Amino acid sequence: RIPVIIDTDPGVDDAFAIALALHSPEIEVCAVTATYGNVSLAKTASNVQRILALAGRTDVPAAPGAARPLIHEQAEVAPDWHGADGLGLRAHEYPAVESDGARTALSMMAEVLRRSSTPVTIAGLGPMTNIALLLAVHPELTPKVGRIVAMGGSLGLGNTRGAGEFNVYADPEAAHRVLSQPEIPVTLVPLDMTMNCPADGEWLEQLYSAGPRCATLVRTARLYREVFYEKYGQDAVVLHDMLAMMEVVSPGALAATPQPITVDCTMGPERGRTSPGPRSAAGTSVDVALEADSKTVLTESLRRISCMH
Ligand code: BDR
Ligand code: CA
């Protein structure tokens, strides 16, 4: 089984992604680390614990990481989509869990990497601050990382303040660090792919009927579904992080093209834009997942998450 570290900012679609990972026999979830993102770190860290408890997997180690981006003092948040609690105003429906707060994301990630005898996949579902810090602080552990699969970026339209996609916009310097390093293969799952793969109302209803835990998960997405309907006039949700997780559990599920990616780290209106090229001296490129058989990806994620009942 592929050992996996999930770095995440739950987040409605993060919750679906974690549920998918926990019900995929090809992988072993070795740790779930939290980053600030859709809501504050205090909330994302507590949501990680709640999601693990909902799935009956409090045995999976979890720890909080960065509370803010590398450079900017203030973290970008997205409560309009995810609710002020990060779980669609439904966090209270999840089992509450006390954390001893003794561990940090960085030490937990390093320990998993050090102990693993097989290459570890890092699934990045939020701003890439924790992952960039890991690369900066523990260069000796990069050979232990088999690949990074990160949801982020857009070659077309952004979804945050114009040009940027949320995860990249939240910390462009961290994204730059992750996407420009030549040692670890990176698969980037951008909006261009995820926006073409909406889960419709019927998909949600089917998951709802799978059992009470699945029903809680689907209720988490109600606000998200309403906002999507208001914005796009379609009864659907785009579960970005869940789609990226399909690539983690089933490598090659998304068709990717290698290309160099530049992250705009200027402080102006282009901040956070991800664009193709130019080829760097090191020849670093990223596998950009631009296409998927959306029907298969959605059917397969539904089948797996439904096992949570
Ligand atoms: C990404 O931003 C967050 O709001 C989602 O959880 C996802 O990771 C989509 O742009
Ligand atoms: Ca996320």
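Where is Gly-11 found? Gly-11 sits in the loop between strand 1 (2–8) and helix 1. The model described here is predicted.

## Around the ligand

The shell around ligand 1 holds 14 residues. Those that come nearest are Gly-11, Asp-13, Phe-166, His-240 and Asp-241. By class, the shell splits into 4 nonpolar, 6 polar and 4 charged residues.

## Two cis peptide bonds

Most peptide bonds are trans. The bond from Pro-10 to Gly-11 is cis, with omega near -15°. Gly-11 is also among the residues that come nearest to ligand 1.

A cis bond also joins Gly-277 and Pro-278, and its omega is about -15°. Pro-278 belongs to the loop between strand 11 and strand 12.

## Strand 6 and its partners

Which strands does strand 6 pair with? Take strand 5 (residues 145–151) to begin: 4 bridges join strand 5 to strand 6, and the two run parallel. Here Ala-150 has Leu-188 of strand 6 as its bridge partner. Strand 12 (residues 286–292) also runs parallel to strand 6, joined by 2 bridges. In this pairing, Thr-187 has Asp-287 of strand 12 as its bridge partner.

In a regular strand, side chains alternate between the two faces of the sheet. Strand 6 covers residues 186–189. Val-186 and Leu-188 lie on one side, while Thr-187 and Val-189 lie on the other. These four residues are all buried, and both faces of the strand are covered.

## The nonpolar core

In soluble globular proteins, nonpolar side chains tend to be buried together. The largest nonpolar core in this model has 94 residues. Val-4, Ala-19, Ala-21, Val-178, Val-189, Ala-244 and Met-245 have the most contacts inside it. Helix 1 gives the largest share of this core, 9 residues.

Which residues does Val-4 touch, leaving out those up to four places away in sequence? The list includes Ala-21, Ile-27, Val-29, Cys-30 and Val-120. Glu-28, Thr-121, Ala-123 and Val-248 are also on it.

## Glu-270 in its loop

Glu-270 lies in the loop between strand 10 (261–263) and strand 11 (274–276). Is Glu-270 exposed, partly exposed or buried? Glu-270 counts as partly exposed because 15 other C-beta atoms lie within 10 Å.

In sequence, Glu-270 and Arg-161 are 109 residues apart. In space, they are 9.1 Å apart, C-alpha to C-alpha. Beyond residues up to four places away in sequence, Glu-270 touches Ala-163 and Asp-264.

## Two positive phi values

Most residues other than glycine have a negative phi. Leu-89 has a positive phi, near 65°. This residue is found in the loop between helix 3 (79–82) and helix 4 (105–115). Leu-89 counts as partly exposed because it has 16 C-beta neighbours inside 10 Å.

His-309 has a positive phi too, near 60°. It is found in the segment after helix 13 (294–306). Why does His-309 count as exposed? The reason is that 12 other C-beta atoms lie within 10 Å, and a residue with 12 or fewer is exposed.

Note on methods. Residues numbered from 1 in each chain as written. Chains lettered and ligands numbered in written order. Predicted model: local features only at pLDDT ≥ 70, side-chain atom pairs only at ≥ 80, totals over all residues. Near = placed C-beta within 6 Å. Nonpolar A, V, L, I, M, F, W, Y, C, P; charged D, E, K, R; others polar. Buried ≥ 20, exposed ≤ 12 C-beta atoms within 10 Å, placed from the backbone. Contact = placed C-beta atoms within 7 Å. Pairing = 2+ DSSP bridges. Core = buried A, V, L, I, M, F, W, Y, C linked by C-beta atoms within 7 Å.
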